[in-house]
Amino acid sequence: VAGQLQVCGVTVFSAPSRKESLILRALDVGDDSVTAALVAPATVGGRCHVAWPYLQEASVAAVSDGRGRVDARGAAAHTPEQARAWRDKCDEVAAESIKKRGVDPGPVRVLLHVHACEGLVRHL
């Protein structure tokens, strides 16, 4: 992770900033071999934290990449329309992350599909 001062209009108190903001940038490891099939066994069914910086706990339901989606039931390939929708969603998530949180995720290769946890569960 690297920080950089940049004018990009991060939303602060419901108004875009007019001056430079410190943007956190995730460094690109340049590894295109990361796929949903590789990430899914370690993450599906597990827990993660979302909505940085507030860190709400969530349960991972599925993992997807440009080629398909992997969940607890198995893998399914994307149709061309689903692949375009997946890329549009990645672009939307990246833009929202920069504008609302000041975090640039870099190139998105894999998306986690999560369900936010509510309440307290003592038995897992």
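A polar contact is taken here as a pair of N or O atoms within 3.5 Å; within protein, one atom must be able to donate a hydrogen and the other to accept it, and residues adjacent in sequence count only if both atoms are side-chain atoms. By this criterion, the side chains of Ser64 and Trp86 are joined at 2.9 Å. The model is predicted: local features need pLDDT of at least 70, side-chain atom pairs count only at pLDDT 80 or more, and totals for chains, interfaces and linings use all residues. Residues are numbered from 1 along each chain as its sequence is written, and side-chain values use heavy atoms, with hydrogens and water left out.

Ser64 belongs to strand E6. Helices (H or I, at least four residues) and strands (E, at least two) are DSSP runs, numbered from the N terminus. Ser64 has a relative accessible area of 1% and is therefore buried. The classes are buried (under 20% relative accessible area), exposed (over 50%) and partly exposed (in between), with a 1.4 Å probe and protein chains only. Contact means heavy atoms within 4.5 Å. Neighbours within four places in sequence aside, Ser64 is in contact with Ala36, Arg69, His78, Trp86, Arg109, Val110, Leu111 and His113.

Strand pairing was examined next. Two strands pair if DSSP finds at least two bridges between them. E6 and strand E7 (residues 68-71) run antiparallel and share 3 bridges. Val63 has Val70 in E7 as its bridge partner. The hairpin from E6 to E7 passes through 3 residues. E7 is joined in turn to strand E8 (residues 74-77) by 4 bridges, again antiparallel. Here Gly68 stands opposite Ala77 in E8. The hairpin between E7 and E8 has 2 residues.

An open sheet of 3 strands has the order E1-E4-E9, with mixed pairing. Its edge strands are E1 (2-6) and E9 (103-104), each of which pairs on one side only. Strand E4 (residues 21-25) and E9 run parallel, joined by 2 bridges. Arg25 is opposite Asp104 in E9.

Charged pairs were then counted. A salt bridge requires a side-chain nitrogen of Lys or Arg within 4 Å of a carboxyl oxygen of Asp or Glu. The count is 6. One of them joins Asp28 and Arg109 at 3.1 Å, N to O. Asp28 lies in the loop between E4 and helix H1 (36-43), and Arg109 in the loop between E9 and strand E10 (111-116), so the pair ties together parts 81 residues apart in sequence. Asp28 is partly exposed at 47% relative accessibility. Arg109 is also partly exposed, at 22%.

Arg73 and Asp71 form another salt bridge, at 3.2 Å, N to O. Arg73 is exposed at 80% relative accessibility, whereas Asp71 is buried at 18%. Lys89 and Glu92 also form a salt bridge, with their closest N and O atoms 3.6 Å apart. These two residues are 3 apart in helix H2 (residues 80-101), so about one helical turn separates Lys89 from Glu92. Lys89 is partly exposed at 40%, and Glu92 is partly exposed at 46%.

A nonpolar surface patch covers about 630 Å². Patches are made of residues with over 30% relative accessible area and no salt bridge: like charges are joined within 9 Å, and nonpolar side chains (Val, Leu, Ile, Met, Phe, Trp, Tyr) within 5 Å. Accessible areas come from the Shrake-Rupley method with a 1.4 Å probe; for residues, only the protein chains shown count as cover. The patch is made by Val1, Leu5, Leu22, Leu24, Trp52 and Leu55. Leu55 sits in the loop between strand E5 (47-50) and strand E6 (56-64). Leu55 is partly exposed, at 46% relative accessibility.
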